[in-house]
Structure formats: C-alpha cells, structure tokens
Amino acid sequence: MRVLERHPIPTRTHPSSFGRTSLSHWALDPSITYLNHGTVGAPPRRVLEAQQSIRDEIERQPSRYLLRELSAVSTGMPRSELPRLRAAALRVASFLGARGDDLVFVDNATTGLNAVLRSFPLREGDEVLVTDHGYGGVVNAAVFHAGERGASVRAVELPEASRGRGAFADAVVSAIGPRTRLAVVDHVTSESALILPIQEIAARCRERGVAVAVDGAHAPGAIPLDVPSIGADWYVGNLHKWAYAPRSSAFLWAAPGRQEGLHPPVISWGIGRGYTTEFDWVGTRDPSAYLAAPAAIDFMKELGIDALRGYNHDLAWEGGRLLGSAWGTWPGLEEAMVGTMATVPLPERLGSSKEDAARLRDALLEGDRIEVQLHAWRGRLSVRISTQIYNELPDVERLAKAINAK
Ligand SMILES: Cc1ncc(COP(=O)(O)O)c(C=O)c1O
C-alpha cells in the first residue's frame, strides 16, 4: 500500500471562508463527506430561500403569476413588462455571454438534448455521432430518436486522456462519414470528468457540414463559459449542478439560425409562436427553479465566481493527484482537462463490474459516511470526486484511506 503524499504543487491561495466552514451555506448532512456535488447538484440554502419566496409569491395569486406574468402565452391584456421567464433568461444568458432571446429554460440537460434530437431533420440512412464518453441517458435518446427515422448512432472511441486534448478532436473529426449529420459531444464528460476541446471539435465538425449539439451538463458554474463563442449549433447546460440553482433548472441555447423548427419534447400553446414562447409554456408546472437561477448567480458572485471556481478546480486537481499517487493509478491528465471533478482508477483488487462499483459505493456511504461517484469503465473501477467550496483536501484523504482499508 502506498503512503498518502501531497504533491509538491505550489499551494494556491484561496479565501479563508472556503472549506469546511462554508458548509453552513448548505443543507447537507455535516456527518457525511460529500464528494458528489456534480451528480445531482446541491443548492445553497440562500438559493432555496429565494426559490421559496418565489413560490410564496406565486401562491398569493397563482392565476395572475402563471397565466398572465410568466410567459408570452398569457391570458388577459398585453403587459408592458417582460414575461418573468424572459427576465430570468436574460440574467442567465448574460452570465453565459449569450443573448436572452437565444436561451430557454428546460428541466435538465436530458430534456434539452431530447428537444434537439427530436427536432433535427434526420433522414433514413443518416448518422449521428456520439462518443464512448457520452452520458448514457443522452446516448439512449440519440439512439431512440435516430431509430425512429431509420438513422443510426455511432459511438466514437476516444483515445486515452494521456494522449492530450488534441487527440480527442482528431478522433471525433476522423469518425465523420458521408452520412454524418449531427454530432452530440460533451463539454465536460460525465464519468471520466474530462474537459474536451469543444471549440475545436465544433469548428472542425461544422467545417465538414456536421451540426454540433454540446452536452454541457457539467460546465455552467464549473468552468468559464461563453456559450456563443464555442461555435456550436446548440448548447445545453445544467444550472442545478455547478451553478447553484435549485433542481430542476437547465438551459438550451440555440444559435439564431437553429431556432426555427426546434420544439420542446412537450407541445403546448406556444407552438407556432416562436422559439422562446414555445419553450416558455409546456403546460402548468412549477417555474420556481428557473426563476431562482438569477439568485443562484448572485450568490456565486457574492462568494466570488473566479475564486470559487479556482478553489474547486485546485481541489479536484490536487485531490485527483493525491488519489492517483495513493493507488499508483494517476491517468496522466493535463491540468487543462480537469475542471471541478477528477476521475481516478481504483486499485484492481476492488473489482471490475458495475455491481462491484455499486457495492463499493454503498459500502463507502454506509461504512465510511463518504458519498462519491463510482463506476466501471473498460474493465476497471474508477472513482470521480466532485469538489465544491465546502470540501477540503482532508475529505479526499479520508476517501483514500477508506479505499485503502477495503
Ligand atoms: C454529461 C452529462 N449529460 C447529461 C447528464 C444528465 O443530466 P440531467 O439528469 O440533469 O438531465 C449528466 C448528468 O450527470 C451528465 O453528466
């Protein structure tokens, strides 16, 4: 068994308010070492309070709020104020470098990508490219929607991360064939937690006439993001993971030339009334998670967005290397491939199957009170740590020790 050692990287300075003391901003159980922020998110208390006050306001006069004020699909006299969803979209868009008119709210990344996949005019024989690092639920959606039109889906095998970022783009582009119409590519991959060179991938796919939908489920709030400059046709991002918004809150951005014909998975009153109006009303629902997204952005700004992203990144990077050195399994990543999560292979003796991963994940929670993401990948188990400002390096050290004792 290797000794846990800290890597001799210079310790970057971070606000002293980050770390364990900032756990008081969250409702998380303090007896659990929570290294799983990325999976389903964890909204800070402040944001949950903002959401509750939105709900309280809705409940004072639900018909006015939901039917007259929320969207452009309204009953009653035209209003001079922006519909509430449009005002919130404007705030979220400006956080992402985008225009409000190009952005709509959706419940989650899965919904946003289903909207793109069902709307894209695939024909029989066409091909959709995904990668073998793609998120399973999204790949299922691609297979389903392609299959309905007689099209197919091809999963490109990405090279080992140690070959560098450029190799990822080359792999995707060289897989383009004569019938490839659409590529669905992650910005930050799910299990492997790698930042892909998405701008380069988008540019090279579009040069070859292939439309690009980016699955940015893990990007907003985690890494600097200017959505239009990526050069994709569509970009979908979760706000409820790293951007502190309550569940369920995500966005779909569509380039101006890609909005016509783009429909939500649920068709309702907005059909035929333009992109944003159509997505803004998909039946009666609770819009408070969308409307609280600006409060989440405000809270990140109050904490210091660059500071919190920097802290989360440094902890993922340093924590990942600590685990890799404890087990002799560091996959040789460049620092630019790591955002706020790091995936490290586990010692081989711990198993190789999905069942082994599920058993170990539960044993860590029940026996060691550590919540962390574990998965089986190419015949090997890996752990993915997510690091948020309430974590500290000793949380990762606890994980290393718990694994070493298994
Ligand atoms: C890359 C990626 N895409 C999509 C999703 C699905 O997100 P959601 O469940 O919010 O739709 C995830 C979830 O972790 C993900 O990692």
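Is phenylalanine 120 counted as buried, partly exposed or exposed, and at what relative accessibility? In this predicted model, where local features need pLDDT of at least 70, side-chain atom pairs count only at pLDDT 80 or more, and totals for chains, interfaces and linings use all residues, phenylalanine 120 counts as buried because its relative accessibility is 8%. Buried here means under 20% relative accessible area, exposed over 50%, and partly exposed in between (1.4 Å probe, protein chains only). Residues are numbered from 1 along each chain as its sequence is written, and side-chain values use heavy atoms, with hydrogens and water left out.

The structure holds nine aromatic pairs; rings of Phe, Tyr and Trp (its six-membered ring) pair if their centres lie within 6.5 Å, and planes under 30 degrees apart count as stacked, over 60 as edge-to-face and the rest as tilted. Phenylalanine 120 and tryptophan 234 form an edge-to-face pair, because their planes stand at 85°, with ring centres 5.9 Å apart. This pair links distant parts of the chain, 114 residues apart: phenylalanine 120 sits in the loop between helix 5 (109-119) and strand 3 (127-131), and tryptophan 234 in strand 7 (residues 234-238). Helices (H or I, at least four residues) and strands (E, at least two) are DSSP runs, numbered from the N terminus. Tryptophan 234 is also buried, at 4% relative accessibility.

Tryptophan 317 and tryptophan 330 are likewise edge-to-face, with centres 5.5 Å apart and planes at 75°. Tryptophan 317 counts as buried at 7% relative accessibility, whereas tryptophan 330 is partly exposed at 26%. Ring pairs also join Trp26, Tyr244, Phe299 and Tyr390 into a cluster.

Turning to strand 9 (residues 341-345), five of its five residues are buried, so the strand is largely enclosed by the rest of the structure. Met341, Thr343 and Pro345 point one way, while Ala342 and Val344 point the other. Strand 9 pairs with strand 12 (residues 380-386) in the antiparallel sense over five bridges, where pairing requires at least two DSSP bridges. Threonine 343 has arginine 384 as its bridge partner in strand 12.

Finally, the ligand is surrounded by 14 residues, the closest being Thr110, Asp215, His218, Asn238 and Lys241; a residue counts if one of its heavy atoms lies within 4 Å. An oxygen atom of the ligand is 2.7 Å from an N or O atom in the side chain of lysine 241, and a ligand oxygen lies 3.0 Å from a polar side-chain atom of serine 190.

Conventions
Polar contact = N/O pair within 3.5 Å; in protein donor to acceptor, adjacent residues only side chain to side chain.
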